[in-house]
Amino acid sequence: MRERRLRSDGDCSTKNPQEECFPVDHEITHLTKVRSEPNVKLRKAIHPSGKMPIPTIKMLYGREANYTGRGRFSLADCSHVLGRYLPVNGPWFVDRMDSRAYVSQFSADGSLLVGGFQGSRIKIYDVDNGWALRKDIVAKSLRWTITDTTLSPDQRFLVYASMSPVLHIVNVGTAATESYANINEIHEGLVLSTDDDEDYSVGIFSVKFSTDGRELVAGSNDDSIYMYDLEANKVTSRILAHTSDVNTVTYADETGNLIYSGSDDSLCKVWDRRCLRERGRPAGVLAGHVEGITFIDSRKDGWYFISNGKDQTIKLWDIRKMVSKDKWRRRKRLHWDYRWMEYPFEAGSMKHPNDMSLATYRGHSVLQTLIRCYFSPQYSTGQKYIYTGSNDKCVYIFDVVTGAQVAKLASHSSTVRDCSWHPYYPTLISSAWDCLIARWEFSGNEPDSILLTKTGRRNRARLYAD
C-alpha cells in the first residue's frame with residue numbers, strides 16, 4: 001500500500017501523483033468517527049494513549065467495569081469492535097449456476113439473500129438456516145438478463161427487472177419453493193412503458209422499493225425515471241431525467257422525498273418529489289465523473305452518496321454542493337465502449353474541470369457491465385468503508401476517510417458485478433460472471449462458520465447486550 005502523508009492544511013502528498021487528496025477536515029470525516037469510535041469516557045478510562053483501534057479485550061473489560069455508566073456498548077462501540085474484523089477469509093460457495101450471476105443482495109435484516117442470474121433464475125436463500133434455498137423463481141419474459149431485484153420492506157414481495165419495459169412482482173412468502181411464472185404462481189406484470197417494438201426496446205436497469213412498500217422507482221434506457229404506485233397499479237410519473245441511459249436510481253433516505261439518479265451522461269442528479277410537478281427539473285446536479293455512472297448508493301442520511309463510474313473511479317458526494325444545472329460544457333468524450341474495450345490509457349489523467357465530489361477512490365476496474373459499489377453497514381462498521389465489485393475478478397474495500405485500499409478479495413475467475421455486506425455480521429457475498437455466488441467471512445476455517453450458526457448468533461448478541 002502506498003505511503004500517504006496528510007498535512008495540517010488538509011492537503012496530501014503521495015508517492016503517486018495520480019492519487020487523490022482527501023478532505024480530512026470535511027464533516028463526513030467527523031461523522032464517520034462518531035459512528036465508529038468508542039465512547040470518550042470509555043476511551044479515556046481504558047486506553048489513555050489514544051492510539052486506535054482499542055484492543056477488543058480492553059473494550060470488553062471497559063464494558064464489564066461499566067466505565068460509561070450505561071453497562072453496555074453503544075452503537076459506535078459495537079462498530080469499533082466489529083469494524084476491524086473484515087470479511088476477507090474464504091470464499092465458500094453459496095451456489096453455482098450455469099449462467100452469469102448479476103445480482104446478490106441481503107435483505108434489510110440480513111435473514112435472506114437474493115441472487116439473480118442471466119439464465120432467467122432468481123434464488124432466495126435462508127441465511128439463518130444454513131443458506132438453504134427458500135425460493136427458486138423462474139423469471140417471465142426475460143430479455144438478456146436479470147438486471148436488478150428489490151425486496152419489499154416486509155420481505156413478502158420481490159420485484160425483478162430485465163431489458164424490458166415490464167417489471168414483475170412475485171409473492172415470495174408462499175409455501176412453494178419453486179415459482180414458475182403464471183404456472184404455479186402469478187408473476188404480475190407492472191408496465192412502465194408501451195414504447196416497445198422490434199426496432200426499439202425499453203429496458204430497466206435499476207429498481208427500488210420505497211421504505212413504505214407502496215411505490216417503486218426505476219431507471220431505464222429511455223433516459224427516464226419512472227415512479228410506479230403499487231396500490232393504484234399504474235405509473236404515476238415519468239421524468240425525462242438525463243440525456244442518456246439512466247443506469248441507477250435510489251432513494252436518499254427513509255422519507256422517500258429525495259431520489260438520486262446516475263446516467264451515461266456522466267451526471268448525478270437529485271430529485272425532490274415535493275416540488276417536482278411545479279418545477280419539472282432536478283433539485284440539483286453534481287458533476288465530476290468524465291464517463292458514465294454505473295451505480296449509486298446512498299448513505300441514507302439525505303446528504304451523502306457514492307457513485308461508481310466508467311472512468312474507473314468511485315466518487316463521494318455531498319448534495320449540499322450541487323448546482324441548479326450542469327453549466328459546464330462537456331469535454332469531448334473518447335471513442336471507446338466499456339463493454340468490450342479497455343479504458344484508454346490516455347484517459348487515466350483526465351479530470352473534470354469543475355469536479356464537485358468530496359473524494360475519489362481508485363484501484364478497481366469498471367468494465368463490461370454496470371458494476372456496483374456500496375457503503376459498509378452502519379451497525380457493524382459505522383459506514384467507515386466503501387466496497388465494490390470489479391472487472392479484474394476481485395472485490396475491493398476502501399477506507400472512506402483516508403481512501404486507502406484496506407482489502408482485496410480475489411477468488412472469482414470473471415467479473416464481479418455485485419456484492420453485499422451483511423447488515424450485522426462480518427460476512428460479504430459476491431456474485432460474478434463465473435456463475436458463482438461466494439461468501440466471505442472474517443474468521444473460521446470451516447465452511448459452516450460459527451458466525452451464522454445459532455451459537456454464533458447468541459455469542460454475538462452478548463456483545464451488544466444491555
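**Exercise 1. List the buried residues of helix α4, then decide how enclosed the helix is.**

Solution. Step 1: in this predicted model, the buried residues of α4 are A76, D77, C78, S79, H80, V81 and L82. Step 2: compare that list with the whole helix, which covers residues 75-82; 7 of its 8 residues are buried. Step 3: α4 is therefore largely enclosed by the rest of the structure.

**Exercise 2. Find out how many disulfides the structure has, and look at the surroundings of C373.**

Solution. Step 1: recall that a disulfide is a covalent bond between the sulfur atoms of two cysteines. Step 2: searching the whole structure gives 0 disulfides. Step 3: take C373 as an example; the nearest cysteine sulfur belongs to C419 and is 8.5 Å away. The cut-off for a disulfide is 2.5 Å, so a pair must have its sulfur atoms within that distance to count. C373 is thus in no disulfide.

**Exercise 3. Locate S365, classify it and name the residues it touches.**

Solution. Step 1: S365 sits in the loop between β24 (359-362) and β25. Step 2: its relative accessible area is 14%, so S365 is buried. Step 3: leaving out residues up to four places away in sequence, S365 touches Q312, I371, S390, N391 and D392.

**Exercise 4. Describe the largest pocket: its space, its lining and the elements that contribute.**

Solution. Step 1: the largest pocket holds about 1,400 Å³ of space. Step 2: its lining has 41 residues, and Q105, F106, S107, A108 and K300 lie nearest the centre. Step 3: elements giving two or more residues to this lining include β4 (101-106), β21 (293-298) and α6 (378-381). Step 4: by class, the lining has 17 nonpolar, 14 polar and 10 charged residues.

**Exercise 5. Summarise the whole protein chain.**

Solution. Step 1: the chain has 7 helices and 31 strands. Step 2: of its 466 residues, 57% are buried. Step 3: the accessible surface comes to about 20,400 Å², with 48% belonging to carbon and sulfur atoms. Step 4: among contacts between residues at least 6 apart in sequence, 54% join residues at least 24 apart.

Notes: Residues are numbered from 1 along each chain as its sequence is written. This is a predicted model: local features need pLDDT of at least 70, side-chain atom pairs count only at pLDDT 80 or more; totals for chains, interfaces and linings use all residues. Side-chain values use heavy atoms; hydrogens and water are left out. On a 1 Å grid over the protein atoms alone, a cavity is a set of points where a 1.4 Å probe fits but cannot get out, and a pocket is an open set with protein on both sides within 12 Å along at least five of seven lines; lining residues have an atom within 4 Å of a point. Grid points are joined across faces, edges and corners, and a volume is the space filled by probe spheres set on the points. Helices (H or I, at least four residues) and strands (E, at least two) are DSSP runs, numbered from the N terminus. Ala, Val, Leu, Ile, Met, Phe, Trp, Tyr, Cys and Pro count as nonpolar, Asp, Glu, Lys and Arg as charged, and the others, Gly among them, as polar. Buried means under 20% relative accessible area, exposed over 50%, partly exposed in between (1.4 Å probe, protein chains only). Contact means heavy atoms within 4.5 Å. Accessible areas come from the Shrake-Rupley method with a 1.4 Å probe; for residues, only the protein chains shown count as cover.
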